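Trainee: Could we go through a few helices together? I'd like to see how they meet.

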Amino acid sequence: MIYLPCGERFFMNVCVLGAGTMGHGIAQVSAMGGHDVVLRDINQNIVDEGLEHIRENLQGGVDRDKVTESERDAALDRIEGTTDLAAAVADADLLVEAVPEDEELKQKVLAEAEGHAPADCVVASNTSSISVTGIASALSDPSRAVGLHFFNPVHIMGLVEVVVAEQTSDATREFAEVFVESVGKTAVVVEDSPGFATSRLGVALGVEAMRMVQEGVASPRDIDAAMELGYNHPMGPIELGDVVGLDVRLGILEHLREELGERFRPPTILRKKVRAGKLGKKSGEGFYVWEDGEIVGVSGEVEDE
């Protein structure tokens, strides 16, 4: 295992499993941090889309004078994409899964990848709510497992939750913290518990905001403005739910309800929107109507419980 005290630079081989929104974001910031990255997914089209999103994000950084052209080119040179799992993880010092929020799927993906990875490779999950202890139980060496919960959009958000599973060794936790620092993020270390710290607090605010819309307390725009202007939140809880994905929010709430009780019961308005395919920004409509990634209106449908 590569390990250096915090503050020292080090470079490694990072493999990201899953080229979707979170996966390509993690690949991008890892490459920007100087690491060599392999982005793997089961479908070449998904891999290609992920790589294209990275190029677009980096070019956007250049256009806004946040990234130099040389930094863009160097980062792109450090990233390669593949569908070959064995080749992707063969030289990995760090393996990060960013597949959908399904415990059995995450266990299966990581257990298979572990079989091809070096014995000292750190195995990380980007889960936002699933027990890392449970995910780690599928590994032959769970002491090298840890949670690395990045936030969307990865290249902009500065926080990463380092989630310490029951089996996580001290060396693995320290390695994870150093990696987070190396990609320009701030780590907060939390014990493995339902919803960790951020998902638990975030969905608690989000679900109450949804209930307020459902009950007619205020419009989505006014609720969001209240939290943005009154509490200095960069984005209101309703808009954030749309950005994260209402299906993702529903899944987290159902998990937390099972683990922590009825205060996390998903509101009817959320269930109806998900059943209708109104998942937020990614589907074009949630609580807001979206076009080209921007809010253009408020959804006209408000369901009563």
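This is a predicted model: local features need pLDDT of at least 70, side-chain atom pairs count only at pLDDT 80 or more; totals for chains, interfaces and linings use all residues.

Trainee: Is α9 roughly parallel or roughly perpendicular to α10?

Mentor: Look at the crossing angle, which is roughly 105°. Angles of 65 to 115 degrees count as roughly perpendicular. So α9 sits relative to α10 as roughly perpendicular.

Trainee: Which residues of α10 make that contact?

Mentor: On the α9 side you'll find Pro-220, Ile-223, Asp-224, Met-227 and Glu-228. By class, the contact has five nonpolar, no polar and three charged residues. From α10 come Pro-237, Ile-238 and Glu-239.

Trainee: And how does α10 lie against helix α11 (residues 246–260), roughly perpendicular or roughly parallel?

Mentor: Their axes come within 6 Å and cross at roughly 100°. Since 65 to 115 degrees is the range that counts, α10 to α11 is roughly perpendicular.

Trainee: How many residues in the contact of α10 with α11 are charged?

Mentor: α10 brings Leu-240, Gly-241, Asp-242 and Val-244, while α11 brings Leu-246, Val-248 and Arg-249. Four of the residues are nonpolar and one is polar. The charged ones number two.

Trainee: Back to α7 (residues 170–182): what span does it reach from its first C-alpha to its last?

Mentor: The helix has 13 residues. At 1.5 Å a residue, the expected value is 18 Å, and α7 comes close to that. Its reach is 18 Å.

Conventions: Residues are numbered from 1 along each chain as its sequence is written. Side-chain values use heavy atoms; hydrogens and water are left out. Helices (H or I, at least four residues) and strands (E, at least two) are DSSP runs, numbered from the N terminus. The expected span of a helix is 1.5 Å times one less than its number of residues. Axes are lines fitted to C-alpha atoms, for helices over the stretch in contact, and angles run from 0 to 180 degrees between N-to-C directions. Angles under 35 degrees count as roughly parallel, over 145 as roughly antiparallel, 65 to 115 as roughly perpendicular and the rest as oblique. Contact means heavy atoms within 4.5 Å. Ala, Val, Leu, Ile, Met, Phe, Trp, Tyr, Cys and Pro count as nonpolar, Asp, Glu, Lys and Arg as charged, and the others, Gly among them, as polar.
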